[in-house]
Amino acid sequence: MAVDMTEVRQLFFEESFENLDNMESNLLDLSIGPIDKELVNSIFRVAHSIKGGAGIFKFEHIINFAHVTETLLDEMRKAEHLVTQPLIDLLLRSVDIMRMILTSLQEGTKVDEQEVLDCENQLKSFLKTPIEVPFLEGHKSTSSTNNTIIPPTIPPIDPAEMLIEGWHINFKPYPTLLATGNDPINLFRELANLGTLEIFPNSQQIPSFLALEPQTCYLSWELNLHGQLPKTVVEEIFEWVEGDCDLEITPLKKNLPSQIAPNLHPISLVPSGKSSQREELSASSQKLNAEASSTSLRSAPIQLGQPVEIKTEKVETETQSAPPFTLPLSSSMENPTLSIEAINSPIPSLPLHLETLSLPLEDPVKPPLDSSLDTHTHRNNSSEATSIRVGIDKIDDLINIVGELVITQSMLDQVGEDFDNSKLIQLRDGLSQLERNTRELQESVMRVRMLPISYSFNRFPRLVHDLSVQLGKKVELKLSGIHTELDKTVLEKMSDPLVHLVRNALDHGIEIPLQRQLVGKSETGLLHLHAFHQGGNIMIQISDDGAGIDLEKIRQKAIQQKLIAPEDRPSEEQLYELIFQPGFSTATQVSDLSGRGVGMDVVRRNIRSLGGAIEVQSTLNKGTVFKIRLPLTLAILDGQLVRVGQEIYILSLLSIIESLRIKPQLVNLLAGKAEVYKLRDDYIPILRLYDLFQVTPGTTQLDQGLLVIVEGDGQKIGLFVDELLSQQQIVIKSLETNFKKIQGISGATILGDGSVALILDVAGLIQLFHGRTQITVPRSASFTRNLI
Amino acid sequence: MTQEVTTVSNKYLTFVLATEEYAVDILRVQEIKGWSKVTPIPNTPDYICGVINLRGTIVPIIDLRLRFGLPCLEYGPMTVIVVLRVISNQRERIMGIVVDAVSDVYDVIETEIKPPPDFGSVISIEFVKGLVTVDEKMVIILDIDRLLNSNELAIVEPLTH
Amino acid sequence: MACNILISDDSISMRKMLAFTLTEARYQVTQADNGLTALELAKTQTFDLIITDVNMPKLDGLSLVRELRTLSQYKYQPILLLTTETDPEKKQEAKRAGATGWIIKPFNPDKLLAAVRKVLNCSP
């Protein structure tokens with residue numbers, strides 16, 4: 001049988017990463033000075049459980065490293081250290097190292113050993129006690145890439161012990177032995193697994209029946225264990241009763257009977273309730289013969305459950321001639337006095353010497369470690385199955401709703417049976433109940449995909465800590481609304497944009513302490529991440545109380561980059577818009593700090609690809625707020641139905657800025673063909689949807705329809721439609737499943753009447769539109785063009 | 001053996017389009033349904049009528065008359081849509097074709113299918129699997145995978161596929 | 001009747017590993033993710049064996065053993081500690097608390113089952 005460890009491995013990684021996140025945040029909570037014992041304890045536990053788990057998979061890098069970390073933390077929790085910033089920083093680094101090792105183990109890549117070693121040495125330099133090598137099961141190191149589990153091996157026999165016939169064991173338990181939960185019968189059974197065992201009980205200490213304390217151990221034993229075994233193996237059996245008994249283990253000489261007190265009779269150990277040994281022995285090849293196992297000891301390690309050739313003749317004859325005295329093996333735990341029972345029964349007069357003691361080892365476990373395990377535990381890169389943890393309340397909700405659904409169904413069933421018009425009301429009620437159930441079910445299933453934003457926010461304490469140290473700034477991070485839930489996909493895709501915005505706030509927003517003092521602010525800047533629900537959307541705000549965005553600087557840069565003319569007087573909104581232009585913020589910096597991988601244009605593109613939007617508000621010397629609006633989920637969208645002729649199209653509500661009746665006097669014609677609409681300070685190109693889609697419209701007169709101002713990919717455009725219909729939640733269906741991608745269409749949905757309506761992709765429409773109208777825009781409109 | 005090979009036959013569904021009778025492998029036919037409102041898709045060739053909702057999935061509808069350059073008929077209650085399973089780039093797509101009328105189901109012995117002559121038919125021989133004579137009528141067997149993956153119907157798979 | 005084993009460990013993967021190995025060996029397994037829960041569970045029924053981690057939140061392993069030994073039904077039941085300690089001093093501490101024996105982490109499934117068999121009288 002193969003134990004499929006892949007799943008356990010996966011779980012180990014998930015758990016370890018989660019634990020490291022906790023360890024990190026606990027480290028960040030640690031205050032300088034005396035130890036907060038509870039906190040250090042929980043940090044300690046992380047290193048401890050990673051070490052323990054890693055041991056199962058023989059991940060040596062992490063075992064060793066976690067061991068050093070654990071040792072230092074152990075010293076800390078014993079209050080041998082004071083918490084200092086360097087100590088916290090080092091432990092934070094060790095979190096990073098452990099993450100790195102785990103990641104490379106998970107992905108099967110190489111570990112940067114130098115870095116591990118560096119950090120390990122630093123950790124060791126903090127240690128007060130020298131480090132001991134962590135315990136590894138009896139075998140020498142295996143490389144970390146070889147994640148197979150090695151079967152237990154029995155230590156080689158000392159050549160001097162080779163000559164030994166076996167061991168004589170004098171075992172005198174203290175009366176209290178049973179109170180530790182240990183039971184001599186179990187020890188004997190273990191011994192019998194090693195070789196032929198003769199048991200000579202000594203019952204002299206048993207008091208009279210009335211004085212008998214059933215939970216006291218009155219017996220002692222002398223045992224002969226035949227077989228060439230190292231002494232350590234025998235000692236190991238008694239490891240747990242050490243200190244609860246007198247134990248003597250001496251080599252067994254050839255003439256063993258002389259060693260035994262004459263009044264003792266040996267007892268053979270055979271399982272109870274097995275009347276016919278012959279049947280038992282021939283029936284199962286899973287049984288392990290003691291003789292066979294003892295001889296095979298030298299040659300090969302025993303694997304439990306491996307079929308072993310069984311010799312039966314001797315046992316057969318002996319069992320037939322005289323039934324052996326049996327000790328019940330399966331005596332229940334409620335009855336720890338089993339040996340007394342055994343002693344009170346008549347001891348057979350004929351001393352039985354069983355040369356071979358056969359103990360059917362009914363191993364119900366096929367060995368968990370057979371060869372097929374190797375293939376299972378080997379790294380499978382494609383097994384990167386992502387999973388989410390779902391709260392039990394969400395599952396319970398689902399079960400409840402399904403329960404209701406079943407009730408509704410059976411109710412409808414009843415109505416359906418000999419249906420007549422009198423049951424119409426019941427039918428209608430049933431159907432509306434069904435509708436409610438379905439809606440609830442849909443909502444609940446969606447909720448399963450939702451994760452709290454804390455998954456994303458939790459990394460920021462560390463990031464802010466590291467960055468503020470690096471930048472020499474003092475920053476207080478405030479997180480709120482961390483339980484706000486987002487779709488898993490949205491959450492994942494928001495991760496990078498959020499990091500960028502937080503870094504921006506620290507880089508460019510919050511000033512160094514001195515400068516803050518100069519403008520009369522407290523030395524410590526505030527960075528606030530806030531998530532909340534607003535009208536079916538998720539809002540995330542990243543606000544700082546830093547220097548704010550200097551619009552004049554932006555204007556100068558824009559002129560320098562020829563995005564605007566010096567005589568242009570762009571609005572604030574238009575200037576903020578420039579931040580999101582590709583190449584604007586990263587190519588030339590508003591502040592002196594170097595740029596990073598992604599620019600604000602990428603941030604906005606990511607957010608838009610999720611159907612969201614971002615805007616910025618800033619006050620010089622007061623601070624900046626970035627507001628991100630995101631849809632709750634990607635499978636459903638809040639749609640605005642619009643009509644063009646006979647056709648119904650759907651626009652995402654998020655893309656709509658406003659809709660208005662067209663005033664003909666505000667429509668201008670550029671280059672004699674391209675229509676633009678003057679909306680306040682903006683010129684918005686007009687896209688006649690009927691024209692682009694070649695459908696017969698209700699009207700071609702601009703003043704008789706509506707202009708829906710939409711925004712896509714940073715550009716605004718006015719869609720001319722006949723009328724707006726209802727707003728509703730729609731389920732997005734792919735066109736690509738059976739057809740293909742069509743530009744300007746992001747998908748389709750099925751309306752209440754069963755007909756199909758297309759969902760418009762505003763960015764695609766704008767591209768399509770620009771492709772059609774190759775117009776040259778006069779100078780006066782160039783600024784607008786650049787911004788839209 | 002040879003005797004057996006010659007008797008291998010498959011069932012074909014035939015339909016009429018203008019004056020000619022066409023056949024498709026019946027195993028590819030998912031269902032035959034009447035006309036229902038089709039949502040047109042902008043900026044696609046006229047032979048792509050649009051999409052319909054087939055039990056929750058969006059299925060494109062192709063007018064075969066228009067695809068073959070024949071004058072189109074008005075759609076109405078008599079219009080028939082044959083819903084087919086088309087293999088495209090190793091995946092299955094469900095598509096509907098509009099035909100004049102469904103005619104019959106024939107057993108066609110594979111060996112009796114003749115290669116298409118390069119005759120002046122309305123359709124390009126590239127979409128014809130062969131010709132077969134049934135009851136002294138000529139039936140054109142269509143290669144629907146080719147036909148419904150041609151031109152605008154082709155899937156442009158990303159290169160990374 | 002199958003043997004009932006209670007395992008107590010705060011690490012999910014360790015619990016899963018234990019539960020998996022023991023269940024495969026046809027033992028009945030009940031799980032607790034901290035010492036306090038383990039103690040509560042232990043009071044609801046008598047387990048044939050309790051396997052507990054040492055370092056756990058709420059109630060650590062050694063305290064759990066001490067608590068269990070005060071209960072009449074656990075006075076003589078086997079209790080094994082999961083520990084990474086190889087220090088003889090720690091082992092004695094475990095014994096004094098009343099543990100039957102210990103399983104040194106890391107362990108492989110064979111080791112675990114061998115240790116379990118060593119203290120269990122019931123067959124799975």
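Author: Axes are lines fitted to C-alpha atoms, for helices over the stretch in contact, and angles run from 0 to 180 degrees between N-to-C directions. Helices (H or I, at least four residues) and strands (E, at least two) are DSSP runs, numbered from the N terminus. This is a predicted model, in which local features need pLDDT of at least 70 and side-chain atom pairs count only at pLDDT 80 or more, while totals for chains, interfaces and linings use all residues. Residues are numbered from 1 along each chain as its sequence is written, and chains are lettered from A and ligands numbered from 1 in the order in which they are written.

Reader: Why is α19(A) called roughly perpendicular to α20(A)?

Author: Helix α19 (residues 551-560) and helix α20 (residues 572-579), both of chain A, cross at roughly 65°, and their axes come within 10 Å. That angle makes α19(A) roughly perpendicular to α20(A), because angles of 65 to 115 degrees count as such (under 35 is roughly parallel, over 145 roughly antiparallel, the rest oblique).

Reader: What is the hand of the crossing of α19(A) and α20(A)?

Author: The crossing is left-handed, a term for a near helix turned anticlockwise from the far one by less than a right angle; clockwise would be right-handed.

Reader: Which residues make the contact of α19(A) with α20(A)?

Author: α19(A) supplies L551(A), I554(A), R555(A) and A558(A), and α20(A) supplies E572(A), L575(A) and L578(A). Two residues are in contact if their C-beta atoms, placed from the backbone, lie within 7 Å. Five of the contact residues are nonpolar, none polar and two charged. Ala, Val, Leu, Ile, Met, Phe, Trp, Tyr, Cys and Pro count as nonpolar, Asp, Glu, Lys and Arg as charged, and the others, Gly among them, as polar.

Reader: What is the angle between α2 of chain A and α1 of chain C?

Author: Helix α2(A) (residues 37-56) packs on helix α1(C) (residues 12-24) at about 35°, with the axes 9 Å apart. The crossing of α2(A) and α1(C) is left-handed. S49(A), G52(A), G53(A) and I56(A) meet S13(C), M14(C) and M17(C); these divide into three nonpolar, four polar and no charged.

Reader: How many residues join chain B to chain A in contact?

Author: 20 residues of chain B are in contact with 19 residues of chain A. On the chain B side, β5(B) gives the largest share, four residues. That side has twelve nonpolar, six polar and two charged residues.
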